[in-house]
Amino acid sequence: MADYETNQTTVSKETALQALNTIIQLHFEKTLEKKHAIDLQKKELHKLFQFFFIFLTLVFLALSQSSPPRRLRCSHCWMPVMLLSIAHLMFYVSVAQTLRCVNGFKYQKRCHKLTLALATEKLREIKIRLSEYDGAVGEDEFEIHYQEPPESYFGKFKRNWALHFGFLVFTYGFMVSSSVVLICF
């Protein structure tokens, strides 16, 4: 009976190494996957910028190329100003959402990197110990839990997000007011 209990708590060397290598491979692939997701979100953000500035160019070009070259009176410019305001608002909401996704992917990538580092360190320790003597490894030796960074790291993302959001609100106000000035005056 005692022999049965010791077999339950120990695992062969090959099984332990294979389990740790599987964990390392999984978290390495997840880290690459999150990096790829961040790159895709950044490409999406660049496309958003391109489309938005093309739209702004077309609106200002249409306003400047009106048949009689004159300025719109402020009583008639409410439609272009509203169109530009809505376009700016949609653009900044999209940018804010994309930045939130990028920050989320960066946080997840960091978690996988920490878990990967822990698993790699544990594998190195087990290989050193097994090279010194040949034997079995306890089950708890190769169990790796998902790692999360400390609260200070998460606070960094909150501050980063607040900074970006504040910048977007400020830029939104500036762009809408400059659009009114360009169209009316």
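1. Helix α3 supplies the largest share of the positive surface patch, namely 3 residues. The model under discussion is a predicted one.

2. The positive patch as a whole is made up of Lys42, Lys106, Arg110, Lys113, Lys156 and Arg159. Two or more of these residues are given by each of the elements α3 (78–132) and α4 (151–184). Lys113, one of the patch residues, has its place in helix α3.

3. Salt bridges number 3 in the structure. One of them joins Lys30 to Glu33, with the closest N and O atoms 4.0 Å apart. Both residues belong to helix α2, where Lys30 and Glu33 are separated by 3 residues, about one turn of the helix.

4. As to confidence, the chain has a mean pLDDT of 78, and 83% of its residues reach 70 or more. Helix α2 (residues 13–64) has the highest confidence in the chain, at a mean of 85, whereas helix α1 (residues 2–9) has the lowest, at 46.

5. Where pLDDT is low, predicted coordinates should not be read in detail.

Definitions and conventions. Residues numbered from 1 in each chain as written. Predicted model: local features only at pLDDT ≥ 70, side-chain atom pairs only at ≥ 80, totals over all residues. Heavy atoms only, no water. pLDDT = per-residue confidence, 0-100. Helix = DSSP H or I, 4+ residues; strand = E, 2+ residues; numbered from the N terminus. Patch = residues over 30% accessible without salt bridge, like charges linked within 9 Å, V, L, I, M, F, W, Y side chains within 5 Å. Areas by Shrake-Rupley, 256 points an atom, 1.4 Å probe, with all protein chains shown as cover. Salt bridge = Lys/Arg side-chain N within 4 Å of Asp/Glu carboxyl O. Lys, Arg positive; Asp, Glu negative; His and termini not counted. Charge placed at Lys NZ, Arg CZ, Asp CG, Glu CD.
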